[in-house]
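Thanks for coming. Please bring the structure up on your screens, and I will take you through it, starting with a pocket.

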Amino acid sequence: MKQVTGMVKWAALAAMALATTALAQKEQWLDYHVSTEGRGYRYLDLTTNAPPNVRLPKLNAQPYFAHWTTPLDPAGRWLCLDRTKKSGLYDRVYMDSTGNGRLDDKTLTGTSHSDQYSAYFEPVRVVFKGEDGPITYHLVLRFMQYEAAQANLLASSGGYYAGKVDVGGKKRRVELIDGNVNGTFNDRAADMSDSDCVTVEGDKVGQRYLGKLLEVDGQFYQIEVARDGAFIKLQKAENVVLGQVRVPETISEFVAFGENGHFVRKPVKGAFTLPVGSYRIQEWQIDRKDDKGAAWQLSAYNFNDSARFEVAAAKPVSLEVGEPMRAVMDAQESSTRPGIRTLSKEISFSLRFQGHYGETLQIMKGNQRPKGPRLTLTSLDGSYRYTNTFEFG
């Protein structure tokens with residue numbers, strides 16, 4: 001009888017433990033919001049070739065077409081750009097918002113504002129069929145064309161989910177952002193550009209890209225996001241295995257992203273920890289002051305594929321980031337049209353600073369860029385001498 005009673009107690013305790021786990025992983029629902037300020041960015045390819053089997057509206061000019069791909073619709077959605085005048089910026093857009101393969105039955109969307117080179121459209125509402133009913137999403141589009149340059153169409157997410165979420169026993173506002181602008185909110189990838197984003201109220205890092213873990217106030221949480229962004233699940237992660245990472249002691253800040261998530265570290269004597277896993281270096285920063293007390297900052301971004309690294313529990317990993325930096329100068333001769341004879345040729349020079357992993361470096365003094373270096377060209381016989389100063393951009 002005592003054994004049976006003990007088994008009952010054990011079963012009750014197990015049930016309580018399961019209930020507690022289920023409670024920790026409960027769905028915390030968020031509200032959908034629309035903003036004219038898009039979040040996340042993605043360029044859509046433009047073509048003048050009309051899509052096959054898509055009915056078009058009556059148009060004023062030679063149109064542009066673009067195809068937006070999304071996991072929510074295997075066929076994707078076509079859109080068409082038109083303009084109110086015979087020339088100038090394209091300021092009207094028709095989009096297959098319902099997925100019926102037609103553009104002639106859609107209401108056109110106009111611009112919210114424009115400038116000399118860009119037309120900014122009002123958010124375009126798109127509807128998908130979901131398991132529990134229709135799913136609404138909004139795209140923010142910007143058409144750009146600089147004089148005779150190629151036209152571009154930039155798409156960003158005009159819809160996001162937000163609400164108060166229990167994070168470690170404290171209610172905080174959480175926002176889910178479609179970072180790769182494909183209509184879903186739970187994308188995780190090896191690169192930030194293919195991942196979605198999450199922000200947590202009070203998190204000094206601000207926007208973090210989505211991974212297996214979310215770090216808030218030094219605590220790790222397992223995170224699960226609904227595909228359509230409607231809810232989020234958070235559970236405190238227990239027994240997370242950490243590995244040591246070493247960088248030069250001059251590094252003030254280091255940012256890494258990988259399968260586990262997005263982490264910002266301020267190394268202490270060149271050392272810090274990360275959850276065991278695969279990562280890619282995203283940024284590093286060096287802060288210094290000169291002999292007059294002025295603050296200088298050297299930062300790095302746009303790393304190549306060699307910037308990937310593994311963090312293991314048993315052995316520290318050392319990364320060659322920071323100084324020395326390398327100056328790379330390129331020279332490009334301007335092209336001339338066939339049959340045109342010129343007495344002189346124009347050569348353009350560009351100068352950039354590069355790091356160990358091919359990263360681009362930026363130098364700042366306070367909140368301003370220092371004056372660019374000078375370039376002096378001299379002929380071998382000294383008869384020609386020309387000096388110019390590099391400018392940013």
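The largest share of the lining of the second largest pocket, four residues, is supplied by strand E21. When I say strand or helix, I mean DSSP runs numbered from the N terminus: helices are H or I with at least four residues, strands are E with at least two.

Before going further, the ground rules. Residues are numbered from 1 along each chain as its sequence is written, and this is a predicted model, in which local features need pLDDT of at least 70 and side-chain atom pairs count only at pLDDT 80 or more, while totals for chains, interfaces and linings use all residues. Side-chain values use heavy atoms, with hydrogens and water left out.

Back to the pocket. Its volume is about 520 Å³. Of its 24 lining residues, Met192, Val255, His262, Val264 and Glu283 are the closest to the centre. Two or more residues each come from strand E13 (207–209), strand E18 (253–258), strand E19 (261–265) and strand E21 (277–289). How do the lining residues divide into nonpolar, polar and charged? There are eight nonpolar, six polar and ten charged. Nonpolar here covers Ala, Val, Leu, Ile, Met, Phe, Trp, Tyr, Cys and Pro; charged covers Asp, Glu, Lys and Arg; the others, Gly among them, are polar.

A word on how pockets are found. Rolling a probe the size of a water molecule over the atoms shows where empty space is left. On a 1 Å grid over the protein atoms alone, a cavity is a set of points where a 1.4 Å probe fits but cannot get out, whereas a pocket is an open set with protein on both sides within 12 Å along at least five of seven lines; lining residues have an atom within 4 Å of a point. Grid points are joined across faces, edges and corners, and the volume is the space filled by probe spheres set on the points.

Now the whole chain. The protein has one helix and 29 strands. Its C-alpha atoms fill a box of roughly 110 × 65 × 35 Å along the principal axes. Buried residues account for 39% of the 393; buried means under 20% relative accessible area, exposed over 50%, and partly exposed in between, with a 1.4 Å probe and protein chains only.

How far should we trust the model? The average pLDDT, the predictor's confidence in each residue from 0 to 100, is 89, and 91% of the residues score at least 70. Over residues 1–24, pLDDT stays under 50, and the model has three contacts there beyond four places in sequence. A contact means heavy atoms within 4.5 Å. Where pLDDT is low, the predicted coordinates should not be read in detail.

Val181 is not a glycine, yet has a positive phi of about 55°. Val181 lies in the loop between strand E11 (170–177) and strand E12 (197–200), and counts as buried because its relative accessibility is 0%. Lys269, also not a glycine, has a positive phi of about 50°. Lys269 sits in the loop between E19 and strand E20 (271–275). Is Lys269 buried or exposed? At 72% relative accessibility, Lys269 counts as exposed. Finally, Glu323 and Pro324 are joined by a cis peptide bond, with omega about 0°. Pro324 is in the loop between strand E24 (317–318) and strand E25 (326–333).

Let us end with the two strands on either side of the Val181 loop. Leu176 lies in E11 and is buried, since its relative accessible area is 0%. Leaving out residues up to four places away, the contacts of Thr199 include Arg173, Val174 and Gln207.
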